[in-house]
Amino acid sequence: MTRRRTVAVGIALGVSSSFLLVAPFLFKPYGIFILSTWAVMTVAAIGLNLTLGYAGQVSLAQAAFVGIGAYITAFLTTNGWSFWPICALAGVACFVIGWGLGYPALRLQHHYLAFVTLAFNTLVYLVFRNEEWLTGGIYGISNVPRPSLAGWSMNGAHAFYYFCLAVLALVASAIWWLIRSPWGRAFVALRENPIRAQSLGVDTRRYTLMAFALGAGLGGIAGALYAPLVQFIDPTPFALGLSLNLLLMVVVGGSGYFFGPFLGAIIAVLLPEWLRFAQGYYLMGYAVLVILLMVFCPTGLLGLADRLLTSTAKAAPVAAPEVS
Amino acid sequence: MSAVLKVRDLKKSFGGIVAVDGVSFNVNQGEILGIIGPNGSGKSTLFNCILGQLRPSGGDVHLDGRPVTGMRPCDLNRLGVSRTFQLLQVFPQLTVRENLILAGQEHRGGMLSRLIGPRDAGLSASADRMLDFFRLTHLGGELAGALSYGQQKLLDVAMAFMAGPRLALLDEPAGGVNLTMLVSLRDRLRAINVEQGSTFVVIEHNMDFVMALCNRILVLAEGRVIAEGDPAHVRRDAKVIEAYLGR
């Protein structure tokens with residue numbers, strides 16, 4: 001990372017972290033709810049970014065994993081289980097299912113793989129909707145309790161927001177570690193040239209499965225946060241629309257960029273709220289914005305920022321060497 | 001002299017087209033074997049069958065006496081077999097140093113230790129030595145995609161040697177490389193062969209390069225071995241002149 005880029009990232013990180021910490025005091029409960037939703041969706045998008053952005057495996061099933069995590073949490077916590085082991089269970093269950101879903105990726109690529117994962121998402125959605133004995137069907141599961149930690153209740157909007165933010169920080173730190181480890185390098189090799197990667201000893205089969213499983217696991221954790229956030233779940237939010245929205249977050253933010261999902265989730269979760277003043281036109285305006293961005297900057301917003309930083313660095317005059 | 005690689009009656013067909021037709025040869029420890037032949041003679045297909053990229057239609061491959069026919073390329077690599085490809089295969093989004101570390105990291109510990117271990121997998125010093133050996137030290141921090149073709153070619157070859165392979169199969173390492181870089185590449189390969197005792201199989205069209213580098217040459221035409229011997233013998237062989245070298 002160049003010095004200019006490091007400074008830019010440092011400033012952006014400092015400003016946005018400060019904002020996120022004071023935000024609950026600036027907004028009404030609905031605003032805090034939206035910010036909490038942003039944090040939850042960012043966790044899910046970080047998972048998808050790992051699968052798609054770093055490892056290059058297309059997945060349209062992330063909503064299914066968010067849903068599985070949410071239903072596991074809702075079902076068990078409404079039956080008296082503590083949130084904490086359930087949150088871990090949601091992540092592990094999705095990890096295992098994601099590992100299984102990764103097997104088609106060993107044989108299929110690109111749009112073929114997209115269709116397999118899309119079919120999986122649809123299948124899971126149908127289970128949520130039709131298996132009423134387990135999921136409550138279209139009536140869903142209500143009164144999902146919010147967790148408490150060492151006597152500290154997270155029932156309030158502020159407390160639960162900070163909890164979501166803490167989980168996001170934890171997940172982001174873990175993924176930061178992962179992508180900077182040899183695994184991250186292997187994921188990039190898998191994305192860029194799997195045949196060469198194999199010839200260098202990279203077990204592409206294992207890394208492909210791991211990319212799917214880890215991405216799915218993070219989807220499950222996002223689901224475990226989503227259920228107590230909304231406190232009522234039904235199948236509708238976990239349909240294909242959410243998978244496409246999460247894909248949009250990754251691609252618009254900058255696929256394969258660490259901060260891409262953070263920015264993408266702002267566009268997908270917060271921007272529609274800010275555009276509400278446009279009433280009936282806001283979705284049209286939002287769609288036009290996304291189209292323009294994809295046409296002029298297919299590498300996403302962070303790709304655009306990267307390009308601008310690189311071009312300004314090149315354009316900057318080189319200082320004349322001092323002559324003593 | 002013990003054979004590192006034994007290829008017996010290897011065959012590969014694509015539908016009705018026979019690309020490799022019963023090729024047999026040995027590669028001895030410390031040897032540099034050249035494989036030459038006209039375009040379409042099956043050289044790269046032969047490599048891909050040996051290295052598990054393609055499943056052979058028939059025949060056997062043995063590494064150090066152990067059957068490895070159809071073994072996955074990553075497993076073969078971990079047994080000490082590395083390769084380069086005909087076309088450049090570096091990772092443009094990684095720096096030159098990271099390309100080298102990637103080329104060695106999977107030989108270090110298990111998956112878990114690579115996750116929780118150091119970012120460089122303990123390979124920074126080896127990568128620096130390799131950069132120095134291939135005269136790429138000044139480019140270590142550059143993205144591989146920003147290098148010139150010749151520099152990328154050197155990197156590509158350097159990656160093949162990062163894990164200290166017993167056997168390296170190099171597919172046209174001199175292709176598209178300018179004369180200065182070519183001499184440097186040949187010298188580096190010779191030095192690795194002498195210093196590390198590595199065994200090479202080299203596919204090459206550049207006759208000066210292959211004749212100067214290799215101890216023994218195998219000539220393929222239409223998927224079959226038509227001649228085998230030392231460079232001087234092969235250069236005089238009437239079948240080789242007819243099929244490949246020309247008069």
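**Helix H3 of chain B**

I looked up helix H3 (residues 96-105) of chain B in this predicted model. I found H3(B) mostly covered, with 10 of its 10 residues buried. I took a residue as buried if 20 or more other C-beta atoms lie within 10 Å of its own, exposed if 12 or fewer, and partly exposed in between, with C-beta atoms placed from the backbone. Helices (H or I, at least four residues) and strands (E, at least two) are DSSP runs, numbered from the N terminus. The buried residues of H3(B) include Val96(B), Arg97(B), Glu98(B), Asn99(B) and Leu100(B).

I then asked what covers the buried residues of H3(B). The cover includes helix H8 (182-192) of chain A, and from chain B helix H4 (111-116), helix H5 (124-133) and helix H6 (149-161).

**Conventions and confidence**

I note that residues are numbered from 1 along each chain as its sequence is written, and that chains are lettered from A and ligands numbered from 1 in the order in which they are written. In this predicted model, local features need pLDDT of at least 70 and side-chain atom pairs count only at pLDDT 80 or more, while totals for chains, interfaces and linings use all residues. The pLDDT is the predictor's confidence in each residue, from 0 to 100. I read an average pLDDT of 92 for chain B, with 99% of the residues at 70 or above. For the model I noted ipTM 0.91 and pTM 0.89.

**Where chain B touches chain A**

I counted two residues as in contact if their C-beta atoms, placed from the backbone, lie within 7 Å. The contact takes 26 residues from chain B and 20 residues from chain A. On the side of chain B that touches chain A, the elements giving two or more residues are helix H2 (73-78), H3 and H4 of chain B. H3(B) provides the largest share of that side, 5 residues. I sorted the side of chain B that touches chain A by class and got 14 nonpolar, 6 polar and 6 charged residues. In this sorting Ala, Val, Leu, Ile, Met, Phe, Trp, Tyr, Cys and Pro count as nonpolar, Asp, Glu, Lys and Arg as charged, and the others, Gly among them, as polar.

**Nonpolar core**

I took a nonpolar core as a set of buried Ala, Val, Leu, Ile, Met, Phe, Trp, Tyr and Cys residues joined through C-beta atoms within 7 Å. The largest such core has 172 residues, and those touching the most other members include Val40(A), Cys164(A), Ala222(A) and Leu100(B). Helix H10 (residues 204-230) of chain A gives the most to this core, 16 residues. I checked Val40(A) apart from its neighbours within four places in sequence: its contacts are Cys164(A), Ala222(A), Leu225(A), Tyr226(A) and Leu229(A).

**Strand S3 of chain B**

Is strand S3 (residues 32-36) of chain B enclosed or open? I found 5 of its 5 residues buried, so S3(B) is largely enclosed by the rest of the structure. Both faces are covered, with Ile32(B), Gly34(B) and Ile36(B) buried on one side and Leu33(B) and Ile35(B) on the other. Two strands pair if DSSP finds at least two bridges between them. S3(B) runs parallel to strand S8 (residues 199-203) of chain B, joined by 4 bridges, and there Ile32(B) has Phe200(B) as its bridge partner. S3(B) also runs parallel to strand S9 (residues 216-221) of chain B, again with 4 bridges, and Ile35(B) has Leu218(B) as its partner in S9(B).

**Open sheet of chain B**

I traced an open sheet of 4 strands in chain B, in the order S2-S1-S4-S5, with antiparallel pairing. Strand S2 (17-28) and strand S5 (66-67) of chain B are the edges, each pairing on one side only. Strand S1 (residues 3-14) and strand S4 (residues 58-63) of chain B are joined by 5 bridges. Lys6(B) stands opposite His62(B) in S4(B).

**Helix H1 and positive phi in chain B**

Helix H1 (residues 43-50) of chain B is mostly covered, with 8 of its 8 residues buried. After H1(B) comes Gly52(B), with a positive phi near 80°.

I also looked up residues other than glycine with positive phi. Arg135(B) has phi near 55° and lies in the loop between H5 and H6 of chain B. Arg135(B) is partly exposed, with 14 other C-beta atoms within 10 Å. Glu222(B) has a positive phi of about 50° and lies in the loop between S9 and strand S10 (224-229) of chain B. Glu222(B) is partly exposed, with 15 other C-beta atoms within 10 Å.
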